[in-house]
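Hello,

Here is the structure I said I would pass on. My notes follow below it.

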Amino acid sequence: RYAFFPGEPRWPEGHRHLTFAFNPENDITDEIRAVFSRAFDRWSRVTPLTFELSTSPYLADITIGFFNGDHGDGEPFDGILGTLAHAFSPPSGRFHLDAAESWVVDDDVTMSTSLAAIDLESVAVHEIGHLLGLGHSSVVESIMYPAITSRTRKVELHSDDVMGIQYLY
Ligand code: TQI
Ligand code: ZN
Ligand code: ZN
């Protein structure tokens, strides 16, 4: 079953239109932007929340960045596999991805020749769940279940994810 962070933090009632921006240090291609837009849309479709790309990381509610190793928040990345990404609970909006991963964008990750290939959209949908206030679920098929394998793709919200997010919003 779905779960929340302690105290059930969520984006406040008067804050249902959220903006997101990318770390200006990263080279974000249109393809990568499209992956994140699709991931946000999946949550938007089942909630009153809307998400819009902003060009200002200082003003945006959610900031997304790729980092290597120690990046200043006490939770260093560890190179290939292990920790892939992390996102903080509301209203932090910080979403960090390990730049060392073999991220797969748009291509079919199940066909990748790299054994360590990770589907970016699958991780984005999961981390956005955290950004919005969902913890980990015990339902194996859910997006918020805490296991991901390389070379797999899981991007469709499960009814368990939808029930969890609709409780919060
Ligand atoms: N990152 C962990 C995660 O997002 C970070 C984490 C551990 C965490 N415990 C937490 C975040 C509790 C919030 C609350 O779960 S990860 C998965 C999954 C990771 C893991 O890089 O290990 C996914 C990233 F769920 F499959 F294990 C993406 Cl989908
Ligand atoms: Zn971080
Ligand atoms: Zn998680």
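Asp 161 is buried, because 25 other C-beta atoms lie within 10 Å and 20 or more is the cut-off for that class. Please keep in mind that this is a predicted model. Asp 161 sits in helix H3, which covers residues 159-168. Leaving aside residues up to four places away in sequence, Asp 161 touches Tyr 2, Gly 129, Ser 142, Ile 143 and Met 144. Glu 31, by contrast, is 130 residues from Asp 161 in sequence and 26 Å from Asp 161 in space, C-alpha to C-alpha.

Next, ligand 1. The residues around ligand 1 are Thr 83, Leu 84, Ala 85, His 86, Val 123, His 126, Glu 127, His 130, Gly 135, Pro 146, Ala 147 and Ile 148. Two elements, strand S4 (85-87) and helix H2 (120-132), each give two or more residues to this shell. H2 gives the most, with four residues. Sorted by class, the shell has six nonpolar, five polar and one charged residues.

H2 also packs against another helix. The axes of H1 (residues 30-44) and H2 come within 9 Å and cross at roughly 50 degrees, so the two helices are oblique to each other. The crossing is right-handed. On the H1 side, the contact is made by Val 35, Phe 36, Arg 38, Ala 39, Phe 40, Arg 42 and Trp 43. On the H2 side, Leu 120, Glu 121, Ala 124, Val 125, Ile 128 and Leu 132 take part. By class, the residues of this contact are ten nonpolar, no polar and three charged.

Regards

Definitions and conventions. Residues are numbered from 1 along each chain as its sequence is written. Chains are lettered from A and ligands numbered from 1 in the order in which they are written. This is a predicted model: local features need pLDDT of at least 70, side-chain atom pairs count only at pLDDT 80 or more; totals for chains, interfaces and linings use all residues. A residue is near a molecule or strand if its C-beta atom, placed from the backbone, lies within 6 Å of it. Ala, Val, Leu, Ile, Met, Phe, Trp, Tyr, Cys and Pro count as nonpolar, Asp, Glu, Lys and Arg as charged, and the others, Gly among them, as polar. A residue is buried if 20 or more other C-beta atoms lie within 10 Å of its own, exposed if 12 or fewer, and partly exposed in between; C-beta atoms are placed from the backbone. Two residues are in contact if their C-beta atoms, placed from the backbone, lie within 7 Å. Axes are lines fitted to C-alpha atoms, for helices over the stretch in contact, and angles run from 0 to 180 degrees between N-to-C directions. Angles under 35 degrees count as roughly parallel, over 145 as roughly antiparallel, 65 to 115 as roughly perpendicular and the rest as oblique. A crossing is left-handed if the near helix is turned anticlockwise from the far one by less than a right angle, and right-handed if clockwise.
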